[in-house]
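Here is a friendly note to read alongside the model. Please keep the picture open and find each element as you go.

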Amino acid sequence: MPQRISYRTHKAGSFNRLKLVEEELASPEADEVQVKVKAVGLNFADVFAILGLYSATPEGSFIPGLEYAGEIIAKGSEVKDFEVGDRVMGVTRFGAYTSHINIDSAYVNKIPASWSYEEGASFLVQALTAYYGLFYLGNLQKGGTVLIHSAAGGVGLLANRMAQKIGAFTIGSIGSASKIDLLKKEGYQKYIVRSKHFKKDLEEALRGRELDLIMECIGGKIFEIGYEMLAPQGRVVNYGSARYGGTSNSPNWPRLAWLYLTRPKIDPQKMIETNKGILGFNLIWLYEKKELMQQILKELEALDMEAPFIGHRFKFEQMHEALKLFQSGKTMGKVVLTID
């Protein structure tokens with residue numbers, strides 16, 4: 001059996017439990033490919049899983065990570081669409097923080113010829129999240145207006161590109177003015193640095209436009225203001241809540257309890273009266289729907305997306321450093337780790 005190195009935690013709850021270990025990997029099953037991982041992409045779900053704040057987190061020992069890219073070095077007898085040597089990017093329900101992985105071939109896709117392994121490891125989770133949120137749940141149409149929170153992050157940048165491709169109007173919200181130049185470069189029509197003046201700033205950004213969709217991942221007062229300003233038939237697509245993340249090695253339970261108890265509460269009766277909707281989703285759910293995921297990936301291929309923007313690169317051995325930066329909220333674009 002081949003040996004692999006992986007970041008494994010014996011139990012969720014603290015970054016300090018995440019250790020680099022060497023372990024054996026079995027041969028791939030009949031429908032699996034074995035990938036030598038070249039790059040790993042970080043996601044907020046990784047942070048929440050390691051800290052034990054993610055409902056889908058496995059019990060006991062597990063390897064975090066949802067996406068990676070690498071080279072196929074072996075395949076099962078029933079795999080027909082891939083060959084040894086193919087460059088692929090993949091998604092997995094945890095297990096990506098590793099040098100080698102066995103995975104059902106339905107969950108890998110070939111990397112575009114012009115893309116690097118790092119770019120491949122930066123695409124699938126963000127692209128699936130952005131596309132499913134914008135179009136399947138959000139019903140964004142040409143001429144519509146979408147507010148995209150965490151606009152300089154991996155999901156935010158891809159959501160903007162996708163919305164622009166169909167002729168929508170995009171407003172990006174960011175937590176720091178240092179990210180403005182990137183939003184301008186990426187073609188956002190308007191941007192907002194989140195502050196106590198968020199409502200006024202959003203009104204000015206809209207300039208009489210109706211707000212049709214919000215890609216929501218912040219929560220709290222920002223959520224409330226956005227929902228209040230939605231147009232009739234407008235939708236909030238809630239795919240995260242970054243404010244619960246924090247910056248410490250383990251959860252601050254009193255703080256989390258306070259945030260939970262003071263979270264926004266929407267009256268379903270008022271939703272009828274105002275004709276607004278809230279839709280929430282978790283990418284892990286989409287992972288369980290193979291056919292739907294493959295359909296979305298075909299539609300993404302038709303969009304002919306540019307390579308994703310990578311803002312920060314680390315070596316695999318710098319996992320803890322990368323996670324701390326990612327947790328800080330100071331990143332732009334994708335955070336990627338490479339494996340020699």
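The points below go from the whole chain to the sheet and then to the helix pairs.

1. A word on the basis first. This is a predicted model, in which local features need pLDDT of at least 70 and side-chain atom pairs count only at pLDDT 80 or more, while totals for chains, interfaces and linings use all residues. Residues are numbered from 1 along each chain as its sequence is written, and side-chain values use heavy atoms, with hydrogens and water left out.

2. The protein chain has 12 helices and 15 strands; these are DSSP runs numbered from the N terminus, helices being H or I with at least four residues and strands E with at least two. Its radius of gyration is 20 Å, close to the 20 Å from the globule rule for 340 residues, so the chain is as compact as a globular protein of that length. (That radius is taken over C-alpha atoms, and the rule is 2.2 Å times the number of residues to the power 0.38.) The C-alpha trace spans about 60 × 45 × 40 Å along its principal axes.

3. Now look for the open sheet of six strands, which pair in parallel in the order 10-9-8-11-12-13. Two strands pair if DSSP finds at least two bridges between them. At the edges are strand 10 (190-193) and strand 13 (277-280), each pairing on one side only. On average, neighbouring strands of this sheet are turned by 15° against each other, direction ignored.

4. Strand 8 (residues 145-148) and strand 11 (residues 211-216) make a parallel pair over three bridges. Which residue of strand 11 is the bridge partner of Leu147? The partner is Ile214.

5. Helix 6 (residues 198-206) lies across strand 8, strand 9 (169-174), strand 10 and strand 11, and runs at about 175° to strand 10. Helix 7 (residues 220-229) lies across strand 11, strand 12 (230-238) and strand 13, at about 150° to strand 12. Axes here are lines fitted to C-alpha atoms, for helices over the stretch in contact, and angles run from 0 to 180 degrees between N-to-C directions.

6. Helix 6 and helix 7 also meet each other: their axes come within 10 Å and cross at roughly 40°. Contact means heavy atoms within 4.5 Å, and the residues involved include Phe198 and Leu202 of helix 6 and Ile222 and Ile225 of helix 7. By class, this contact has six nonpolar, no polar and three charged residues. (Ala, Val, Leu, Ile, Met, Phe, Trp, Tyr, Cys and Pro count as nonpolar, Asp, Glu, Lys and Arg as charged, and the others, Gly among them, as polar.)

7. Helix 1 (residues 44-51) packs with helix 12 (residues 319-328) at an angle of about 110°, their axes 10 Å apart. Helix 1 is therefore roughly perpendicular to helix 12; angles under 35 degrees count as roughly parallel, over 145 as roughly antiparallel, 65 to 115 as roughly perpendicular and the rest as oblique. Phe44, Val47, Ile50 and Leu51 of helix 1 touch Leu323, Phe326 and Gln327 of helix 12. This contact has six nonpolar, one polar and no charged residues.
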